[in-house]
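User: I have a protein model to read. Can you walk me through it, feature by feature?

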Amino acid sequence: MGFIERNLMPEEKVVYEAKLHWFVFAWPVALVTLAIAGISAKTGSALSFLVAPAILLAIGTGIHSAITFATSEFGVTNKRVLIKVGYISRSSVETLLKKVEGIQVNQSIPGRMFNFGTIVVVGTGGTKQPFHKIAAPLQFRRAVQEEIEGTR
């Protein structure tokens, strides 16, 4: 049972869930590629000296990315928007649908190509909190908008 399910109010049900995009693993993959290139390089070349640091960095960023991927939850219920990112250091947003002024979506060129982006939940009172590398951010925004329209 995840964060969202544990924090549901009476008669509240989840209508949409999103996850982080696999692109959170881009840096570890790039570092492993660099290490492989270093291993295949001639001994003594400048690239061969990058093997050990690249492997260590790939392991560290890979573990961090895996923990972030596994512990991030994004959900829309019939009453609220709930977002939680992180395990030890946690950031969460729980906003009632009637308090949501909008969901801002920012996508870079790679984000448009691979369908991920940053969502910013804009609530009454000026609260704005960005969440990065969300898979299918436009669908998340649409789910929020549809629930807001359904509750009015």
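User: Where is Gly 125 found?

Analyst: This is a predicted model. Gly 125 is in the loop that links E6 and E7.

User: Is Gly 125 buried or exposed?

Analyst: Look at relative accessibility. Over 50% counts as exposed, under 20% as buried. Gly 125 has 82% relative accessibility, so Gly 125 counts as exposed.

User: Which helix holds Arg 112, and is Arg 112 buried or exposed?

Analyst: Arg 112 lies in helix H4, residues 109–114. Use the cut-off again: over 50% is exposed. Arg 112 counts as exposed because its relative accessibility is 63%. Ala 136 is 24 residues away along the chain, yet the C-alpha atoms of Arg 112 and Ala 136 are separated by 9.6 Å.

User: How many helices and strands are there in the protein chain?

Analyst: Count each kind, then read their order. The protein chain has 5 helices and 7 strands. From the N terminus, the order is α-β-α-α-β-β-β-β-α-β-β-α.

User: How many residues are in the largest nonpolar core?

Analyst: A core like this is a set of buried residues joined through side-chain atoms. Here the largest one has 20 residues. Among those with the most contacts inside it are Phe 74, Val 81 and Phe 140. Strands E2, E3, E5, E6 and E7 and helix H5 each give two or more residues to this core. H5 gives the most, with 4 residues.

User: What is Phe 140 in contact with, leaving aside its neighbours within four places in sequence?

Analyst: The list includes Tyr 16, Ala 18, Phe 74, Val 81, Ile 103 and Ile 119.

User: What share of the contacts with a separation of 6 or more joins residues 24 or more positions apart?

Analyst: In the protein chain, that share is 55%.

User: What is the radius of gyration of the protein chain?

Analyst: Set the value beside a reference. The protein chain has 19 Å, while a compact globule of 152 residues would have a value near 15 Å. Now check the box. The C-alpha atoms fill roughly 70 × 30 × 25 Å along the principal axes.

User: How much of the protein chain is buried?

Analyst: Of its 152 residues, 36% count as buried. The accessible surface comes to about 9,200 Å², and carbon and sulfur atoms hold 62% of that.

Note on methods. Residues are numbered from 1 along each chain as its sequence is written. This is a predicted model: local features need pLDDT of at least 70, side-chain atom pairs count only at pLDDT 80 or more; totals for chains, interfaces and linings use all residues. Side-chain values use heavy atoms; hydrogens and water are left out. The radius of gyration is taken over C-alpha atoms; the globule rule is 2.2 Å times the number of residues to the power 0.38. Buried means under 20% relative accessible area, exposed over 50%, partly exposed in between (1.4 Å probe, protein chains only). Contact means heavy atoms within 4.5 Å. Accessible areas come from the Shrake-Rupley method with a 1.4 Å probe; for residues, only the protein chains shown count as cover. A nonpolar core is a set of buried Ala, Val, Leu, Ile, Met, Phe, Trp, Tyr and Cys residues joined through side-chain atoms within 4.5 Å.
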